[in-house]
Amino acid sequence: VASSLKKFSTSGKIKYFDNYGVNYDPNVKKVADGITVQTVIDAYLTAIGGREKLLSIKDKTTKLKGSMQGTDIVLTLMQKAPNKLYQEIDFGVGKQKTIFDGEKGKQEAMGQVQEITGDQLENLKLQNNMHLILDYEKYNVKAELSGKEDVDGSEAYKIVLTYPTGSKRTEFYDAMSGFKVREVSTTKTPQGEFTQKVDLKDYREVNGMKAPYKLIQSMGPQSLELDVISIEINTDLDDAIFEVD
């Protein structure tokens, strides 16, 4: 029935309801008894090197490269515990920066500087917390296990995170390897809401931990494939890098 109805949908999507009129996703599969948010997270932590190894990371610098529509892109991501961030996207003819000192944030692009405020700022505090996954409850983040879905041919557990602002982020963890393989989030912009999907692939060992070396970002019809150039851990990054004022 769904395939026949699809041609009448302007968005090309079909909504599903059960016998009680409750909306559901037919792609989501039930999980086995005993599988919880915590067991999925524990499997992930074990896969990447362990809880104590993650806690030992005080700062991290990741450089990635890719191209979009013939333009080479270099992404530099610097993080310092607990949640400081310096992100620079270099696309040849210009740069775009996001800087967050743990309390205040700003974005720079094309000579313009814009302060980050409101829900975007509150979400930034949590999204860049290097150890958030170790204690969601401490930061008032609600984590729910929402079944299993297919991700690139493999079953993955689906965890939905709800931040105190009400914003949601969905993460998928491979049921066999334990690795996080996909992140889906919604970004609000002056042009409207956009859903961004990031696939995480090619995990490799770095300083006794595992990290993805390929990221595929998709937003609408656009897709950007990024390959990791280098990852440096605990290089004692200077706090001046993250200054906003």
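Two strands are treated as paired if DSSP finds at least two bridges between them. Helices (H or I, at least four residues) and strands (E, at least two) are DSSP runs, numbered from the N terminus. In this predicted model, S218 stands opposite S223 in β15. Strand β14 (residues 209–219) and strand β15 (residues 222–233) pair in the antiparallel sense, over six bridges. The two strands form a hairpin with two residues between them. In its turn, G220 has a positive phi of about 65°.

The model is predicted, with local features needing pLDDT of at least 70 and side-chain atom pairs counting only at pLDDT 80 or more, while totals for chains, interfaces and linings use all residues. Residues are numbered from 1 along each chain as its sequence is written, and side-chain values use heavy atoms, with hydrogens and water left out.

The protein has four helices and 15 strands. Of its 245 residues, 38% are buried. Buried means under 20% relative accessible area, exposed over 50%, and partly exposed in between (1.4 Å probe, protein chains only). The accessible surface comes to about 14,700 Å². Carbon and sulfur atoms hold 48% of that surface. Areas come from the Shrake-Rupley method with a 1.4 Å probe; for residues, only the protein chains shown count as cover. Contact means heavy atoms within 4.5 Å. Among contacts with a separation of 6 or more, 40% involve residues 24 or more positions apart.

I35 is partly exposed, because its relative accessible area is 26%. Leaving aside neighbours within four places in sequence, I35 is in contact with V40, L145 and Y157. The C-alpha atoms of I35 and G147 are separated by 9.7 Å, although these residues lie 112 apart along the chain.

An α-helix has 3.6 residues a turn, so residues three or four places apart point the same way. Just after α2, G49 takes a positive phi of about 135°.

Aromatic rings were examined next. Rings of Phe, Tyr and Trp (its six-membered ring) pair if their centres lie within 6.5 Å; planes under 30 degrees apart count as stacked, over 60 as edge-to-face and the rest as tilted. By this rule the count is two aromatic pairs. Y44 and Y173 form an edge-to-face pair, at 5.2 Å centre to centre and 70° between the planes. This pair links helix α2, which holds Y44, to strand β11 (residues 168–174), which holds Y173, 129 residues apart. Both Y44 and Y173 are buried. F179 and Y203 form a stacked pair, at 4.0 Å centre to centre and 5° between the planes. F179 lies in the loop between β11 and β12 (180–189), and Y203 in strand β13 (residues 192–206), 24 residues apart. F179 counts as buried at 16% relative accessibility. Y203 is also buried, with a relative accessible area of 17%.

Helix α4 (residues 118–127) buries L121, N123, L124, K125 and L126. Its buried residues pack against β5 (84–90), β6 (95–100), β7 (105–109) and β8 (112–116).
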